[in-house]
Amino acid sequence: MTRCDRTRAWAALAGHYEAHGRDLDLREAFARDPGRAAALSFEAPEVYADLSKNLVDLATLRFLVELAQECELPARRDAMLRGEVANATEGRAVLHTALRAPRGAGPFSDEVHAELDAMLAYAERVRADAAITDIVNIGIGGSDLGPLMAVRALQAWGDPGRRLHFVSNVDGHDIVPLLQRLDPAHTLFIVASKTFTTQETMANARTARDWFTAAGGTDIARHFAATTTNVAAAAAFGITTTFGFWDWVGGRYSMWSAIGLPIAIAIGAANFRDFLAGAHAMDRHYAATPLARNLPALLGLIDVWYRNFRGYTSRSVAPYHQGLARLPAYLQQLEMESNGKQVDLDGDALPYGTSPVVWGEPGTNGQHAYFQMLHQGTEVVPVEFIAVKHPAHDRLDQHRMLLANCLAQSQALMQGKTAAEAATERAPTASDAIAPAVLARHRRFPGNRPSTTLLLDALTPRSLGALIALYEHRVHAAGVVWGINSFDQWGVELGKALANELLPRLESGDAAGLDGSTAALLRRLKA
């Protein structure tokens, strides 16, 4: 494997950064080139992307594409899509793309579509059952974040008479208040665990079962279903309705599989198929579009540029649509669990950074929280705005206000405000005791802060599927360039193992052999 920092393109990018990139000023770039917005805007299925407010130029993108080619991104992408082993540390293929391929068009097509048909038929039966008014998905990580995000995003496509709930935290404060509001005769629980052994999920599942039986419920087979590969364990639990998936489906890529059952119940089988179709359209774009116009690849390469050449350590995601409120949380897992790695594919320590910290809130809420730091803080944080042209409601005045704020924020980040400009303005809340020149420095915005704007025509099952697949492939593209395995998650394991060791100690109070801090905390909790 040729590491990216040993390629000719990496050296060229380093030279380009020193000669041109370090001092690139977006305001000057737009003034010099009236065609910049057109040249740096790209289209993919369901998504229009304006990259022109990023601290890149056409030369930067050309060098980044050369880097991707030297790092064999097209070959690695094609091998993954064919079903070759992409998760080397676990010896697994990575084929979430096969879950959304049309019948006969992807690997394992017969098995995938047989399971999909069965799952969607069950979803339609649940939707037709007037006695079931509440569905509770019990999962964690990929079995929770993706379905929760998608169900909320597609609320306008759901049945208003049916309520979807999501329980993930092992903290009883998550499930107990929910159960107090439910009627066991009208509730369906979906236990989502690939192995049916996930500690948090099984603890919540047992709590749900205890609550159900304590209320006189006896028909567990009707009121519980499972999405799992461990059919025997589900049966031992009392669940006979199960839908499975395969070891080549990673948790954070699993909403396209049976894990998507709550999505299918929420929006119906036809809309779920549209959701898959949107993702498949983005798969084809990633597979077939030249890198210079390939939107997932370009976004991943810009992530590399910011992380390794400009030194930016985080990225803020600001969806200007309330339906996408949980998208930043979903992306946190997708990106940081995938690319938060410190060794390359050969197990050698990396001398450069990998995944940025991903965080955010929906607009306009974020504007009244952390945008102060984005505009005037000491750290530069690239921002990703997501806007939707057509709302699912009729309050067009509020939607125009939302879109105006979205456009204004990216404009303000780029444009900024000089102290001289601030000095000419009247600030109604400013103290009369502060000198005008001092006040002007407080009200200065440095500007030249980068952002991307992604625009959807409407938030539909198809466009949401395409948007999520765009992010999945972006993560893959960056991971290939960094030379890491984007599909394992060993960093999740150590804390789980230690928690299992500490659990009996919290009962016994035995602190022998523990470090001083953990022992002291355990004794205080036990006292």
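I began with the salt-bridge network that links Asp303, Arg315, Glu335, Glu384 and Arg474. The model is a predicted one, and I kept that in mind for every entry below.

**Salt bridges**

I searched the whole structure and got 25 salt bridges.

Arg3 pairs with Asp5, and their closest N and O atoms are 2.8 Å apart. I checked the cover on each partner. Asp5, at 24%, is partly exposed.

Arg82 and Glu84 also form a salt bridge through their side chains, with an N to O distance of 2.8 Å. Here I noted Arg82 as exposed, with a relative accessible area of 54%. Glu84 is partly exposed at 39%.

For Asp397 and Arg395 I read 3.0 Å between the closest N and O atoms of the salt bridge. Asp397 is partly exposed at 37% relative accessibility, and Arg395 is partly exposed at 43%.

**Largest pocket**

I next looked for open space. The largest pocket holds about 980 Å³. I listed 39 lining residues, and those nearest the centre are Thr198, Gly251, Gln489, Glu493 and Lys496.

Which elements each supply at least two residues of this lining? I found strand E4 (92-93), helix H9 (199-214), helix H15 (327-339) and helix H21 (493-508). H21 gives the largest share of the lining, 4 residues. By class, I recorded 13 nonpolar, 17 polar and 9 charged residues in the lining of the largest pocket.

**Second largest pocket**

The second largest pocket has about 590 Å³ of space. It is lined by 24 residues, and I noted His321, Gln322, Gly323, His393 and Leu402 as the closest to its centre.

Helix H7 (145-153) and helix H17 (396-415) each contribute at least two residues to the lining of the second largest pocket. The largest share is from H17, with 5 residues. I recorded the classes here as 11 nonpolar, 11 polar and 2 charged.

**Nonpolar surface patch**

Last, I looked up a nonpolar patch on the surface. Leu503, Leu506 and Leu525 make up this patch, which covers about 320 Å². I placed Leu525 in helix H22 (residues 516-526). Why does Leu525 count as exposed? The relative accessible area of Leu525 is 66%, and the exposed class starts over 50%.

Conventions
Residues are numbered from 1 along each chain as its sequence is written. This is a predicted model: local features need pLDDT of at least 70, side-chain atom pairs count only at pLDDT 80 or more; totals for chains, interfaces and linings use all residues. Side-chain values use heavy atoms; hydrogens and water are left out. On a 1 Å grid over the protein atoms alone, a cavity is a set of points where a 1.4 Å probe fits but cannot get out, and a pocket is an open set with protein on both sides within 12 Å along at least five of seven lines; lining residues have an atom within 4 Å of a point. Grid points are joined across faces, edges and corners, and a volume is the space filled by probe spheres set on the points. Ala, Val, Leu, Ile, Met, Phe, Trp, Tyr, Cys and Pro count as nonpolar, Asp, Glu, Lys and Arg as charged, and the others, Gly among them, as polar. Patches are made of residues with over 30% relative accessible area and no salt bridge: like charges are joined within 9 Å, nonpolar side chains (Val, Leu, Ile, Met, Phe, Trp, Tyr) within 5 Å. Accessible areas come from the Shrake-Rupley method with a 1.4 Å probe; for residues, only the protein chains shown count as cover. A salt bridge is a side-chain nitrogen of Lys or Arg within 4 Å of a carboxyl oxygen of Asp or Glu. Buried means under 20% relative accessible area, exposed over 50%, partly exposed in between (1.4 Å probe, protein chains only).
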